[in-house]
Amino acid sequence: MTRLPAPFGSRLDRSRRLAFTFEGRRFEGYAGDTIASALAAGGQWVLSRSFKYHRPRGLMSMAGAEANTLVQLPSEPNAQADLTPLAEGMAVTAQNVSGSLARDRLAVLDRLGRFMPVGFYYRTFMGPTRQSWLKLWEPMIRRMAGLGRIDPDAPPRHYRKDHLFCDLLVVGAGPAGLSAAIAAAKAGADVILCDASPETGGSLTFCGQAESAGELARLRARAGGLGRLRIMTGTTCNGWYEDNWLPLISGDTLWRTRAREVILATGTIEQPALFRNNDLPGIIHAGAAQRLIHHYAVRPGTRAVVLAATPAGWRAALDLRDAGVALAAVVDPRAGGSDAGLAARLRGEGVALLHGTVEEARGRHHLRAVRAAGRWLDCDLLVTGAGRAPAWQLPCQAGGRLSHDPSIDAFTLEMPGGGRAPLLAGSVAGTGALAATLADGAAKGLAAAARLGLGAGLAAAAPAAAPPDPEAALANHPVTTAPHPRGRDFVDFDEDLQVKDIRNALREGYSEIELVKRFSTLGMGTSQGRHSATATARIVAGASGRTIGEVGVTTARPPVGPESLGLLAGPAGRVERRTALHARHLALGARMIPAGPWWRPALYAGEGDTAAQVAREVRLVREAAGLLDVSTLGKIELRGPDAGAFLDRLYTMAHAGQPVGRVRYCLMLNEMGTVIDDGVAFRMAEDRYYVTATTGAVARVHADMLFWNAQWRMDVDVLNMTGAFAALNLTGPGARAILARLSDDIDMSAAGFAYMNGRIGRVAGVPVRAMRIGFTGEYSCELHCPASLAPALWDRLLAEGAPEGLRPYGLEASRILRLEKGHIIIGQDTDALTTPHELGFEWALSRRKPFYVGKRSVEMRARQGLSRRLVGLDLSGAAEIPGESCLVLRGQEPAGHVTSVAQSPTLGHAIALAYVHAQDAAEGSPVSVRCRSGRVVTVPVTHHVFFDPQNTRQEV
Amino acid sequence: MNPGPAPSAPPSAPSPLPAPARIFPLDPGGGAGPMGLPVPGLGDRSALARFGLKGPGTGRWLAMQGIGPPPVNRWIATSAGRLLRLGEEEIVFLAEGPDLGPEALRARWLADAATAPRGYETHRDEGWAWFRLEGAALLGQMGAFCALDLREGAFAPDAVAQTRLFGIEAVLLRTAGATGFDVLFDMTCTHHVAGVIATHVHRLCGGG
C-alpha cells in the first residue's frame with residue numbers, strides 16, 4: 001500500500017475498509033475512494049487496454065475525461081473508475097481485453113500499426129475495397145467492437161426526472177463558482193450551485209497550499225449561511241439548451257433546470273504533452289497527482305519527473321515532495337521559467353531543474369524512464385503540467401467560440417454579445433491566480449444579479465480594478481507538435497490517434513478540423529476532444545499555415561459527458577387509457593390487450609383454445625346478438641353554421657347537403673391524396689354533426705381539424721369528445737328486439753330507424769346518440785352515451801338481452817367479422833401511399849364538390865393509372881396460409897402484400913385482403929403469395945366482401 | 001346531461017326505472033379498476049359538477065348572466081363556482097363542493113336556446129377527471145410531474161396553466177385557498193395518473 005497518513009486523504013473515511021476485486025484479484029480501499037484511487041493505492045495502474053492497439057492504459061486526469069479508466073461492473077459497462085465511488089464487494093473487470101488485462105492477445109496489434117492507417121472507415125466504405133466490408137471487416141469488427149457488456153439480468157434501476165427553477169444557476173463550485181454564487185445570493189437571487197464533485201471547492205480541495213485551505217473554509221462558511229443558495233454536489237450539468245434550459249444529473253435523477261441567468265465556472269482542462277509513449281501508465285496530469293495525494297492519500301510514485309510548463313506543474317512538484325515522492329527532475333520548457341518563486345523553493349532543496357521538455361518515455365506496463373532535456377531519467381511517475389484549455393463545452397453550446405491568443409499562447413472563450421449569454425467566471429474566463437479568480441467570480445455574481453434586476457448599485461461598489469494575475473499569461477506553453485520518428489505520440493488517447501495520423505489526414509486533403517474529425521474519428525471517444533482538440537488545432541494550424549484561432553475546434557454538442565439511456569428513457573410511464581367499461585370487461589373474464597394507449601378486450605373467457613373462443617364469439621354475432629365496447633373510437637362534434645361546409649372541405653363525400661338524422665360514411669385524405677382516416681358523420685341538427693374517427697387517428701384528425709379551422713376561419717367549433725362519451729355496438733340478428741324493448745323514445749323498427757340513420761333519445765334511461773351503421777355485416781346499432789353512464793347502459797343491455805343470447809364479444813372476433821364483410825382498417829389495410837382508387841372507393845369521392853383536401857392530388861394520381869388494387873383472396877384451397885405482410889408476387893417481383901388474413905368461422909376457410917398488381921385484380925385471377933416458410937402458394941382473387949355481398953343482413 | 005337535440009325523436013316518455021347511476025373511474029366498478037386513492041393528499045373530485053362552454057357567443061352569454069370572465073388563463077370565484085377562462089371564447093365552471101352551481105348554470109344555458117350564438121357545451125364533467133393534490137409531501141413532488149415553475153410568485157394564485165402533467169395534457173390551477181393544486185385531465189387517463197402519482201410517491205418512500 002502507498003497510502004499517506006492524514007491529513008492527506010480528505011475524502012477518505014479510514015474507519016471503513018472496503019474489499020473489492022479487480023480482474024479477480026482482491027484489493028482493499030476506504031470509503032470515499034474511487035475505484036481508480038483504491039487500485040492505485042494497491043499498485044494497480046493498468047486499468048484497460050486501448051481501443052485500437054490494445055496498449056496498456058491507466059488513469060491520467062482523475063477527472064473522468066478519458067476512456068483509459070472505463071471499467072466493467074457486474075451490471076454496468078463503461079463505469080468511470082476515476083469517478084465511481086468504491087463499494088464493498090465490487091467485482092470490477094477490465095474492458096476491451098482479449099485474454100487478460102495483463103496478457104492481452106490483441107496487444108500484437110501495437111506492432112501492426114503501419115497496416116492500420118488513419119481513415120479506416122472511409123477507405124473501407126469507399127472505392128474498390130467497399131465490397132470487402134460485409135465479407136471481411138464487418139464480421140471481424142462485430143466481434144471486436146464495443147466496450148463492455150450489458151447485463152440483461154441486471155436489477156432494474158429507478159430513474160427519475162424532476163424540474164428545478166432558479167434565478168441563477170452557477171455551474172462549477174470551485175473558487176470562482178462559489179464566489180459568484182455567494183455574491184448573487186447575497187444580492188437577493190435564488191441561486192443553484194452545482195458541481196460534479198462530491199464536495200465544493202474545486203481546485204482548492206486538492207491544491208496543497210495553505211492559502212487554498214483557508215480560502216476554502218471561508219467560502220464554505222459563507223455559502224452555508226445563505227438561505228437563497230442551494231448547493232448540489234455530485235451533480236453534473238450535462239448540456240446547455242436554448243432559453244437557459246440545462247439538464248443536471250444527480251445519480252439516477254435528471255433535473256431539468258430552467259434558470260433565468262447562468263454563470264459557467266467550469267474551470268479548465270489540463271492538456272497532455274505530446275511525446276513518444278505519452279500514454280504509459282504512470283504518466284499523469286498535475287491535477288491527477290494532486291487529487292491522488294490530497295483526496296485519496298495515494299502516493300502516486302516513488303521517483304518522479306515533473307514537466308512544469310505552467311505554475312500548476314510547479315505546485316504539483318511541491319505537493320509530490322510533501323508526499324514523500326523523490327523528484328528526479330523538474331523540467332520547464334519556458335526560457336524564463338514558469339514560476340520563478342516556486343522554482344526557487346525547489347532549487348533550494350537540491351532538486352534538479354532542467355530547461356527543456358520531455359521527448360520520450362519508456363516502459364512496458366508502467367513508466368520506467370523518461371528522456372527530458374536530452375537525457376534519460378529513471379522514474380516511475382511523470383507528472384505533466386503542460387498547459388490548459390478552458391472547459392469550452394458548455395460555453396460553446398451556449399454560443400461561445402473557442403479562440404486563441406497567440407501573445408500568451410492561451411486558448412480563450414468569446415461569448416456572444418447581447419446580454420443574454422451565460423457569464424463566464426474564473427479560469428474558464430482566463431484567470432489564473434486565486435485572488436483574481438475569486439474576484440472575477442464575485443464580479444460575475446454581481447453582474448448576474450444586476451441582469452436579474454437585483455442588487456442595484458452592488459456592481460458599482462465592486463472593486464474597479466481586478467487583482468494582478470501573472471499566472472493568466474502562463475496558462476499554456478506551445479508544445480512540440482512534430483511527430484516522433486517512431487510514433488506512439490498520442491493526440492487522442494481514446495481513438496489511438498497519433499500525430500502522424502492527423503498529418504496524414506491533412507495530406508489526404510481533409511484540411512478543415514471538422515473533416516479531420518470525420519476522417520480520423522478524432523474526438524469521437526469518451527473524452528470528446530477534451531485532450532485532443534487543442535493539440536489537433538495546433539497540428540492543423542502548423543501544417544496548413546493558418547492560425548490556431550482560424551482552425552478552431554470541432555462543434556461542441558450536448559451531452560457534455562456520458563449519460564445512461566435509462567436516465568433519458570425513465571421513469572417508465574407509458575400513458576394508458578381505459579374505457580369506462582374496463583372493470584366490466586375484467587369482471588367478465590376478458591383478456592385485455594393494448595390498442596395504442598387503450599386497453600381493449602381481445603376476447604372473453606370461455607371453453608377451448610383461443611381460436612375456438614374467438615370463433616364462438618363470431619358465431620354469437622352471426623346467430624344471436626353481441627355487444628362490443630367501441631368507446632375507443634374517436635368522437636368529434638362539429639357545431640356552427642359552417643359545420644357542413646367545413647366537413648365538405650375535409651372529407652371526400654358531400655355532407656353539407658346530408659339530411660338531418662342521416663349518417664354518412666367519411667373518408668379523409670391528406671394533401672397527397674392518401675387515405676388517412678375514415679368514420680361516419682351523423683348530422684344531428686342543421687348546424688351540428690357528430691363525427692367518428694378511428695381509434696388510432698383521432699388525435700391527428702382533431703389536430704388537422706383545428707389546423708384547417710384556423711386556416712379557413714369558418715364559423716364552426718370543433719370539440720374532441722372521445723373521452724367524454726362511451727360507445728357500444730349492439731349487433732346481430734337479435735339486436736333490434738333488445739333495443740326495441742329498452743328504448744325509451746326511439747322508434748327502433750326497420751321503417752322508423754333505417755340503416756345509415758341516426759337518432760337522439762334514451763335507451764334504458766340513458767341519453768344516447770344512436771347510429772344504425774355496420775362493421776360486422778349484421779344489423780348493428782352504435783349507442784354513444786356519456787361515459788359515466790356507460791356501465792349502467794352496458795348492464796341493462798346484457799341483462800335485458802339474455803333472451804336473445806346477448807353476450808359481449810372482443811376485438812379478435814370484431815376483426816374477423818369485419819374481414820368477412822370486407823371492411824378495411826385504416827393503417828392495417830392502408831399504408832402511407834394508399835389512394836381511394838386502390839381500395840375501390842371511387843364511390844366515396846364526390847365529383848360535384850370543387851374542393852376537398854387531397855382532391856387535386858387524388859385526381860392526378862388516378863390519371864397516372866393504378867399499380868395495385870386491394871382485393872380479396874380466397875385461401876380455401878391454399879396449401880399454406882400466408883401471414884399478414886407476406887408478399888404478393890408477379891413473376892419474381894413483389895407486386896403487393898397481404899394486409900389482413902384470418903380463418904373465417906362463418907365460411908369455414910381462411911380469407912385475406914391483399915394488394916395485388918392492378919392487372920391481376922379481376923375476380924378469379926390467380927396470384928402468387930410467398931408464405932413465411934418461403935413456400936409460394938397460388939390463390940384466386942375474389943370479391944373483397946366475403947360474406948353477404950348483397951347486404952341483406954345489415955340493412956334489414 | 002345534454003346529448004343534443006332529437007331530430008326525429010318522438011316526445012320523451014318517462015323511463016320506468018330509476019335514473020341510471022353515474023360511475024366515475026375511481027368509483028367501485030369504474031374504469032380505473034379497484035385502485036382507490038393511492039396516496040394521502042390526493043383527492044378525486046371527478047363527481048363534482050362542472051360546466052364548460054366554448055365557441056362563438058360564450059362570452060356574450062356569460063355577460064348576459066351578469067358574469068364577467070377573468071383574463072385568459074386566470075380564474076375567479078363566482079356564485080356558480082370557480083370560473084376558469086381557457087381561451088377567448090372558452091370557459092369552465094368548477095363546483096367548489098357538492099353545490100350544483102355549475103349545474104344550475106347549465107340548466108339556464110339549456111333553457112336559453114333562443115339566444116344565438118351562446119357557445120357550445122364541452123362536456124367537461126364527462127371528459128375531464130378532476131384531481132386535487134394537497135399536503136406537503138405531495139406538493140413537494142410537483143416538479144416531478146410538471147415542467148412549470150410553480151414557485152410562489154412564479155405561478156399566481158389565480159393562474160391557470162394549460163400544460164402537460166403526468167405525460168398527458170392537463171389544466172392546472174391552485175386551489176381556492178392556495179392549499180394545493182387542482183388538475184383537470186382526460187377522464188380515460190385516470191388510472192394512469194393515479195398510478196404515476198402512486199409509483200412516484202412510493203418510490204420516494206423507499207417502496208422500490
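Let me start with a helix in chain A. Helix 20, residues 698–712, lies across strands 32, 33, 34, 35 and 36 of chain A, and it runs at about 20 degrees to strand 32, residues 634–639. Bear in mind that this is a predicted model.

What order do those strands take in their sheet? In chain A, 5 strands form an open sheet in the order 33-34-35-32-36, and the pairing is antiparallel. Strand 33, residues 663–669, and strand 36, residues 717–720, stand at the edges; each has a single partner strand, so one side of each has no neighbour in the sheet. From one strand to the next, the twist averages 25 degrees.

For one pairing in detail, take strand 34, residues 675–685, and strand 35, residues 688–693, of chain A. These two pair in the antiparallel sense over 4 bridges. If you want a residue to look for, find A:Ala681, whose bridge partner in strand 35 is A:Val691.

Now chain B. Here 5 strands form an open sheet in the order 3-4-5-2-6, and the pairing is antiparallel. Which strands stand at the edges? Strand 3 pairs with strand 4, residues 81–87 of chain B, in the antiparallel sense over 5 bridges. Within that pair, B:Arg74 stands opposite B:Arg85 of strand 4. Helix 2 of chain B packs on this sheet and touches strand 2 (50–54), strand 5 (90–94) and strand 6; the direction of helix 2 makes about 40 degrees with that of strand 2.

Next, some backbone details. Most residues other than glycine have a negative phi, and most peptide bonds are trans. The peptide bond from A:Ala6 to A:Pro7 is cis, with omega near 10 degrees. A:Pro7 sits in the segment before strand 1 of chain A, which covers 13–22. In chain B, a cis peptide bond joins B:Ala116 and B:Pro117, and omega there is about -5 degrees. You will find B:Pro117 in the loop between helix 2, residues 101–111, and strand 6, residues 120–121, of chain B. Then there is A:Ala373, a residue other than glycine with a positive phi, near 50 degrees. Its place is the loop between strand 20 (367–372) and strand 21 (375–378) of chain A.

The largest cavity holds about 160 Å³ of space. Its lining has 18 residues, and those nearest its centre are A:Arg578, A:Thr579, A:Ala580, B:Pro25 and B:Met187. By type, the lining of the largest cavity divides into 8 nonpolar, 8 polar and 2 charged residues.

Last, the confidence scores. The predictor gives the complex an ipTM of 0.93 and a pTM of 0.87. Chain B averages a pLDDT of 88, and 89% of its residues score at least 70.

Definitions and conventions: Residues are numbered from 1 along each chain as its sequence is written. Chains are lettered from A and ligands numbered from 1 in the order in which they are written. This is a predicted model: local features need pLDDT of at least 70, side-chain atom pairs count only at pLDDT 80 or more; totals for chains, interfaces and linings use all residues. Side-chain values use heavy atoms; hydrogens and water are left out. Two strands pair if DSSP finds at least two bridges between them. Axes are lines fitted to C-alpha atoms, for helices over the stretch in contact, and angles run from 0 to 180 degrees between N-to-C directions. Contact means heavy atoms within 4.5 Å. pLDDT is the predictor's confidence in each residue, from 0 to 100. On a 1 Å grid over the protein atoms alone, a cavity is a set of points where a 1.4 Å probe fits but cannot get out, and a pocket is an open set with protein on both sides within 12 Å along at least five of seven lines; lining residues have an atom within 4 Å of a point. Grid points are joined across faces, edges and corners, and a volume is the space filled by probe spheres set on the points. Ala, Val, Leu, Ile, Met, Phe, Trp, Tyr, Cys and Pro count as nonpolar, Asp, Glu, Lys and Arg as charged, and the others, Gly among them, as polar.
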